Amino acid sequence: MDSARADILAARHRLDTRGWIPRNAEAFRHLPPPAADVWLGDTPSAIACAAHPLDGAGWTLHPIGHGPQGRVDARWLDAGDALQRAELFAGLTMPAGVDDAGDSDAAPFAWAHRALCRQGLRLRIGGAPGADRGPPDTAWLQLRHQPRSAVEAPLLVIEVLAGVHCVLVETHDRQQLACRQPIVQNLQAHVRLGEGATLQHLRIATPGASDRIAHHLHARLGPGARYEHALLASGSGYHLQRHVIALHEEGAVARNAGLLLVADAALEHQVRISHGASHTTSSIEDLALALGAARAVVHAHTRIAPGAAGADVRQ
């Protein structure tokens, strides 16, 4: 058995033995997610379909503007190939329990993702400039994602190197590709910012009315790094946006803003921030506009660890 297959079976075994998210889980008590078999494509109603990358499915990367760009290295990887899977998941551990914000409720989503993930993208932004080049340029990027199959688990890893400034617009809309039925999508994204790096990250997620979507973003900031995250999202059959941000290095700053538009649908925005170092700063601002039989949830949690002197928190 190759290592890729073994990793998939290990994730499924963890789900089988530890179970799915219980209905009384604190983080999900307002809007419980569908059962595990939905996210794994094991339900009788799951219809197989596939959209080709040449049709625009999956991750596509586009520059913004015509000015000088900082260096961007992009790797599209196949999680079914053992070597590419190892590269794709390098440095990403499958959670066994409590995450950076002191919460274990969402771990089953990560296990289901590891069991189903077939493709992913790793972005490395910035690089050591030459002696005659001066400081690295700002990277202006647009990242688009279109569903590749009816049930999928995409992966995105973004690494912004020390001292680099990046502006990233990430869009998830629902154009009619090969899959025209409702989509189930369990996406995991990991953001790593080096010392003094800055990422201005606008994310737009507008799924179809019957889609079931869960986007999990995990950000870890280096010393003096700055992460500015803005979310524009609309509701669907089930839509979760969950952001877990670790401020475990001195001087790290994270600012989060969300605009939630929900009409006769469901949408939950969870933000969990942990301050684990001195003089760290965080803010969370959300505006939810709901209409009709909408279910809109904003769930913000900030933890200040012992020894995180001078932490500045705003919700």
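1. Helix 1 passes helix 4 in a left-handed crossing, that is, the near helix is turned anticlockwise from the far one by less than a right angle. The contact (heavy atoms within 4.5 Å) involves Asp7, Ile8, Ala11, Arg12, Arg14, Leu15 and Arg18 of helix 1, and Pro108, Trp111, Ala112, Arg114 and Ala115 of helix 4.

2. The model is predicted: local features need pLDDT of at least 70, side-chain atom pairs count only at pLDDT 80 or more, and totals for chains, interfaces and linings use all residues. Residues are numbered from 1 along each chain as its sequence is written, and side-chain values use heavy atoms, with hydrogens and water left out.

3. Asn186 is part of strand 8 (residues 184–193); strands are DSSP runs of E, at least two residues. Is Asn186 buried or exposed? Asn186 counts as buried because its relative accessibility is 1%, where buried means under 20% and exposed over 50% (1.4 Å probe, protein chains only). Its side chain reaches the backbone oxygen of Phe109 at 2.9 Å.

4. Eight strands form an open sheet with mixed pairing, in the order 1-4-7-9-11-13-15-17; two strands pair if DSSP finds at least two bridges between them. The edge strands are strand 1 (58–63) and strand 17 (312–314). Strand 15 (residues 281–291) runs parallel to strand 17, joined by three bridges.

Definitions and conventions. Helices (H or I, at least four residues) and strands (E, at least two) are DSSP runs, numbered from the N terminus. A polar contact is a pair of N or O atoms within 3.5 Å; within protein, one must be able to donate a hydrogen and the other to accept it, and residues adjacent in sequence count only if both atoms are side-chain atoms.
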